[in-house]
Amino acid sequence: MSILAKVVQWFTDPTHWQGADGIPTRLVEHVQLSAESVALGALIALPIGIVLGHFGIFGNLAIGVSNVGRAVPSFAILVIAFQVFGLGDTPIILALTALAIPPMVTNSYVALREVDPDVKDAARGMGYRQLAQLVRVELPLAVPLIMAGIRTSAVQVVATAALAALIAGGGFGRYIIDGLAQQDYAKEFAGALLVAVLALATEVSLWGVEQLLVPRGIRLLRAPAGARVRTFKTA
Amino acid sequence: MNRIRGSVWLVAALAALATVAAACGGTSTPTTTSKGTITVAGFNFPESSILAEVYGQALAHDGYTVNYKLLLGTREVVAPAIKSGQIDLYPGYAATELEFYNSGAGEANGDAAATTAKLNTHLSSLGLAALTPSAAVDQNAFAVTKATQAKYSLSKLSDLTPIGDQLVLGAGPECPTRPFCQPGLQSTYGIHFKAFKALDTDGPLTRAAFKNGTIQVGLVFSSDADLNQAGLVVLQDDKHLENADNVVPVVRQTVATSEVTTVLNKVSAGLTTADLVTMNGQVELLHQDADAVAAAYLQQHNFFG
């Protein structure tokens, strides 16, 4: 029997859809670990990126630090955090949060910098104060890029959360690690497939969220060139 | 047992120094005329070096000139060396030796004497012999914390049968499919655990899970250096689920005179698994030299008279 047939058989086995090692339980674990990590990462990264981007300061520093963050392997953080915090979800969430932060800092910083200075001038000219200008003018315009950062982070985190199983955590990584140890390659393949499908689903659903958040004006800007509304720039 | 431990390299370096030191200083040879030269080898992990030193120093005390080839390699290296006569003796493990020399025919079982007898049927044609197995074992074992042991007054695995459904078992992810692990505990002992937690095979995850109470029963190796330090107690395998990996000297027949056999059997008879745990702890955790640890052991057990 080919490996694909075995994988199909694995998915159709009802025992794999129930209990503590069933797909629904592992899905909840995987999504929970990922969501907590991305949320925590966003809580840290977005204010930093948005504030620095708004004021246009420390940009190179923020992006530089973020890029160093990208270079540290999640696996290394996972193992070190395990030594410090012991068994449990904490080291996993820590490693995944560290992975989630850099794209969100970079993207939100760039998003705020990319807001047309003329628009900001206009806002100030109309009497917007600092905060109102940020919240009502800059942020709506920055949504597409900020969301792209969140999406990148989330997809990376979902894909990487499989590492949790290496330190006895849950999630779909369990199938990969257990399948390898048990020489049950159908299980391993199924685990990899589930991680991939979940990562794609994350991408698609966050794209959906982005569509809801993007202001109508920008959606018009993205329309085909012929139908696009052109903004006038003075000199 | 043929396996690699985390601290092998550090200990390897220490043991290599120890070997050099032993070669320079010379181990105690009370008689002036040597009864002959015996080359003792060990596998590439610390416990084997300790055992080789214990057997070797006992022979040296009896008047033999002993050469050591410690950390020689895996069984794939050591076995050809003893077959060809480059070495004369190594400390083996009954069941693992048997399954090596019979090419994994599955003849080993939980009975040390029977396993060794079977091993000798394979060794005799090679000009080798396995002597009387020691009570000391290095095999898969199931441990509990001292607190769990006291709470349920446990001493052997069959004590777990009535209370298994209150306990969580932790081991490597392969445990639920391996006959020596969860299925064996179920079929041999009738233990049905509350849950199984996939960790690692006797590694840091298992230690951490014991520590924070995620698991109550865990797979370890019976002679692990850190069992005492981690406050773990190995439950006796009273129904012999695990293959008998008792320490047994494998020796060339031409070397195994009645005197040599008597000396080696005397050492084996005194050796216990607790001794292995203590000596492994001294070498792996306290970083003492294997030859010094072996000498102290023999001294303490009045081997040097």
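## Chain A: fold and dimensions

Helices here are DSSP runs of H or I with at least four residues, and strands are runs of E with at least two. By that count, chain A of this predicted model has ten helices and zero strands. Reading from the N terminus, the order of elements is simply α-α-α-α-α-α-α-α-α-α.

If you like to picture the overall dimensions, the C-alpha trace of chain A spans about 70 × 45 × 25 Å along its principal axes. Of the 235 residues in chain A, 39% are buried. As for the contacts in chain A with a separation of 6 or more, 70% are between residues 24 or more positions apart.

## Where chain A meets chain B

Let's turn to the interface. Chain A brings ten residues to the contact, and chain B brings 14 residues. On the side of chain A that touches chain B, the residues sort into six nonpolar, two polar and two charged.

## Inside chain B

Chain B splits into domain 1, covering 8-137 + 244-300, and domain 2, covering 140-235. Between the C-alpha centres of domain 1 of chain B and domain 2 of chain B there is a distance of 29 Å. Nine residues from domain 1 of chain B and eight residues from domain 2 of chain B take part in the contact between them.

Which element gives the most to the domain 1 side of chain B that touches domain 2 of chain B? That is helix H10 of chain B (residues 273-284), with six residues. By class, this domain 1 side of chain B has four nonpolar, three polar and two charged residues.

Methods. Residues are numbered from 1 along each chain as its sequence is written. Chains are lettered from A and ligands numbered from 1 in the order in which they are written. This is a predicted model: local features need pLDDT of at least 70, side-chain atom pairs count only at pLDDT 80 or more; totals for chains, interfaces and linings use all residues. Two residues are in contact if their C-beta atoms, placed from the backbone, lie within 7 Å. Ala, Val, Leu, Ile, Met, Phe, Trp, Tyr, Cys and Pro count as nonpolar, Asp, Glu, Lys and Arg as charged, and the others, Gly among them, as polar. Domain bounds come from an automatic or database domain assignment. A residue is buried if 20 or more other C-beta atoms lie within 10 Å of its own, exposed if 12 or fewer, and partly exposed in between; C-beta atoms are placed from the backbone.
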